[in-house]
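Subject: Handing over a structure

Dear colleague,

I am passing this structure on to you, together with some notes on what was found in it. Please have it open while you read.

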Amino acid sequence: MLRKYSNHRTLEDNIKLGALTAFSAGMVNVASVTVFFAFTSNITGYYAVFAQELSKANWYQGAVVLLWILLFFLGSFLSNFVIIQGQGRWSRYISHAIPVMLEFISILFVGLYLDFFYTNSLQETEFLVAALLFAMGLQNGLTASISNSVVKTTHLTGLTTDLAILVSMFSKRENRQNKALVDKFHLLLTIMFSYVLGGIAGGIGYIFLENGTFYLTCAILLVIALYDYYKLTRIKHLFHLRRNKEEDSPA
């Protein structure tokens, strides 16, 4: 999921990454709506809220919403910054795993704070929502960067638009036989269903686990980060076994 970059990625790579990240984004969004009454997986609506607060001269509220937007921006910026600055310095897998681990730390922080420190004050809520928007910015920046903007998982407005356009294109027979279009349709459909399933899991999870829902999301992010580490380790192990076998075999 994280080893390959841009056009070197396969449809399978993008579907795995899109499904798991969209699932975790859906969980975070529903959990944050439940706890904070605030969406955290996208910022489209916050631009409107920001403009509304300014029009009412509510400067403090406007500043808070602007901070949320900037933190989502910062998360996306940081993901791509790490990826492009890491080229030639460390492995591609490390560059791609760093944003996932930063997202993991942000969401884990929210879960721990809720469990041990939260007093339900407005300032705490604003701060924790900011942390989750930063995490979602990291995720969206990562998936978009490494997939050449094919995979975007934290908001569904663009995805739903693209899906509708594809469905309309399939009204022509030749497009239904176009592999690139069909593959894109499968990818977008997978992301959409994964996001919804993640949201359902987040809603049900909060009933039984409460703040533990954020820890469950962290577990999914660990799977994403460590999946390729396991595969790389496995490949190295098989390579060494093969080389030792060749060295031990008689000439």
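This is a predicted model: local features need pLDDT of at least 70, side-chain atom pairs count only at pLDDT 80 or more; totals for chains, interfaces and linings use all residues.

Residues are numbered from 1 along each chain as its sequence is written, and side-chain values use heavy atoms, with hydrogens and water left out.

Two packed helices are described by the angle between their axes and the distance between the axes. Helices here are DSSP runs (H or I, at least four residues), numbered from the N terminus, and their axes are lines fitted to C-alpha atoms over the stretch in contact, with angles from 0 to 180 degrees between N-to-C directions. Helix α1 (residues 11-36) packs with α8 at an angle of about 30°, their axes being 6 Å apart, and the crossing is right-handed (the near helix is turned clockwise from the far one by less than a right angle). Sorted by class, this contact of α1 with α8 has 15 nonpolar, 11 polar and one charged residues, where Ala, Val, Leu, Ile, Met, Phe, Trp, Tyr, Cys and Pro count as nonpolar, Asp, Glu, Lys and Arg as charged, and the others, Gly among them, as polar.

For helix α3 (residues 59-85) and helix α5 (residues 122-146), the axes come within 7 Å and cross at roughly 30°, in a right-handed crossing. The contact of α3 with α5 has 16 nonpolar, nine polar and one charged residues.

Helix α6 (residues 157-169) has 13 residues and reaches 19 Å from its first C-alpha to its last, close to the 18 Å expected (1.5 Å times one less than the number of residues). Its buried residues (under 20% relative accessible area, with a 1.4 Å probe and protein chains only) are L159, L163 and L166. They cover an arc of only 65° around the axis, which puts them on the same side of α6; the arc is that of the directions from the helix axis to the C-beta atoms. These buried residues pack against α8 (179-209), contact meaning heavy atoms within 4.5 Å.

Lastly, S149, in the loop between α5 and α6, has a positive phi of about 65° although it is not a glycine.

Best regards

Methods. Helices (H or I, at least four residues) and strands (E, at least two) are DSSP runs, numbered from the N terminus. Buried means under 20% relative accessible area, exposed over 50%, partly exposed in between (1.4 Å probe, protein chains only).
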